Amino acid sequence: MSRFFSSKYKNLTPYVPGEQPKDTQFIKLNTNESPYPPSENAVRFASCAAGGLNLYPDPTCSDLNAALAEYLGVSADEILLTNGSDEILNFAFMAFCDENHGAAFPDITYGFYPVFAQLNNVPYTEIPLKEDFSINTDDYKGLNKTIFIANPNAPTGIALSLNEIEKIVKSCPDNIVVIDEAYIDFGGTSAVPLIKKYDNLLVTQTFSKSRSMAGARLGFGVGCKEIIEDLNTVKYSTNPYNINNMTMAAGLGSLRDNKYTEDNCKKIKENREFASKELKALGFELTASSANFIFAKHPEMSGKKIYSSLKEKNILVRHFDNSRISDYNRITIGTRKQMKALISALKSILEEN
Ligand code: PMP
């Protein structure tokens, strides 16, 4: 730390992203990326846009915004596109929380929420998940805080029903409820239609997972016009050109090729069912995942040991140093071939044990 670092950030513990080894020999099941390339349409649109990189991008993202609005069945002024959904989540902390208006989220959830809270000097409450890692919705009802809930949750993959989400939103009319739907295309029901009914709901989604565009950094928030106006005030006060030309074009290309995304989601779900069955046969215990990952533990081997043994066999999964979940590993769903390689590696690891 330099002697110039602002005192307001001195105690900040930054988010630790999953490993991104340059070494391509790894079977990479650690950061919930799609194993499939982006749609050819997205790649073509992006390469056409590369020729226009001398110009600043359209700060309103008007074409992409219109296409996304049509796809989601909302108006263009009910959407804000951002640099990954991480950015809209940070904007939500900036816009709807402060020293006097804290945040609340589960104790086991996306690890960036506490970091955004610390960054923005927001006091936060971590609400324990139940023993089986499900969310007790009663804990959030009428809570006088800005609520952040990932649905499906990460790293458990467990989803709340739309009815349960609505009950939370309805019970907190004077607070914003953010539903982070990064994994919604792999299971669960989106809360987007509820934005027409509730002026305190912000739903966030991403092109990173189901649309195979993690490297492009494209996410968005959907909420009533007034919420989006507030978030735009934050955006135009930090980075008006937050989406670059190539990403904007790739996003449009992807939206014009929805069948490709739907087919990939179907394959991921099938691979999830295949891997779950095989893992259970090896004695693993799994949460009921509606996402593009599995959360698994084995009664005879520690989570850390499984993680490092897999790494020795060139398979990367994600292990979290959090006492409640240290027995577990989060395993991204890859291709059928990758899942078969995972299962056979785990078989020999268990035998060696
Ligand atoms: N929410 C959750 C629950 C996530 O797991 C992630 C990905 N790590 C994000 C949001 C952010 O993803 P992105 O910024 O790539 O859209």
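Buried residues are those with under 20% relative accessible area, exposed residues have over 50%, and partly exposed residues fall in between, judged with a 1.4 Å probe and protein chains only. The model is predicted, so local features need pLDDT of at least 70 and side-chain atom pairs count only at pLDDT 80 or more, while totals for chains, interfaces and linings use all residues. Residues are numbered from 1 along each chain as its sequence is written, and side-chain values use heavy atoms, with hydrogens and water left out.

We can start with backbone geometry. By way of background, most residues other than glycine have a negative phi, and most peptide bonds are trans. Cys 61 has a positive phi of about 50 degrees although it is not a glycine. Cys 61 sits in the loop between α1 and α2; helices (H or I, at least four residues) and strands (E, at least two) are DSSP runs, numbered from the N terminus. With a relative accessible area of 3%, Cys 61 is buried. Asn 32, also not a glycine, has a positive phi of about 55 degrees. This residue belongs to the loop between β1 (27-28) and α1, and Asn 32 is buried at a relative accessible area of 1%. Two cis peptide bonds can be described as well. One runs from Asn 151 to Pro 152, with omega near -5 degrees, and another joins Ala 154 and Pro 155, with omega about 5 degrees. Pro 152 lies in the loop between β5 (146-150) and α5, and Pro 155 is placed in the loop between β5 and α5.

In helix α7 (residues 245-255), 10 of the 11 residues are buried. Among them are Met 248, Leu 252 and Leu 255. The buried residues of α7 pack against α1 (40-50), α2 (62-72) and α8 (258-281), where contact means heavy atoms within 4.5 Å. Helix α8 is also the place of Arg 272. Arg 272 is buried, with a relative accessible area of 8%. Leaving aside neighbours within four places in sequence, Arg 272 is in contact with Phe 186, Ser 289, Ser 290, Ala 291, Phe 293, Ile 294 and Ile 333.

Val 74 occupies the loop between α2 and β2 (79-82) and counts as buried at 11% relative accessibility. Not counting residues up to four places away in sequence, Val 74 touches Ala 69, Ile 79, Val 192, Ile 195, Lys 196 and Val 222. Leu 162 is found in helix α5 (residues 162-171) and is partly exposed, with a relative accessible area of 27%. Leu 162 and Ala 191 are 29 residues apart in sequence and 6.4 Å apart in space, C-alpha to C-alpha. Beyond residues up to four places away in sequence, Leu 162 touches Thr 189, Ser 190, Ala 191 and Leu 194.

Charged side chains complete the picture. Side chains of opposite charge can pair when their charged atoms come close. The structure holds 13 salt bridges, each defined as a side-chain nitrogen of Lys or Arg within 4 Å of a carboxyl oxygen of Asp or Glu. Lys 28 and Glu 33 meet in one of these, at 2.7 Å from N to O. Lys 28 is partly exposed at 21% relative accessibility, and Glu 33 is partly exposed at 25%. Lys 197 forms a salt bridge with Glu 166, the closest N and O atoms being 2.7 Å apart. Because Lys 197 lies in the loop between β6 (177-180) and β7 (201-206) and Glu 166 in helix α5, the pair ties together parts that are 31 residues apart in sequence. Lys 197 is exposed at 57% relative accessibility, whereas Glu 166 is buried at 17%. In a further salt bridge, Lys 304 pairs with Asp 321, the closest N and O atoms being 3.9 Å apart. Lys 304 is partly exposed, with a relative accessible area of 44%, and Asp 321 is exposed, with 70%.
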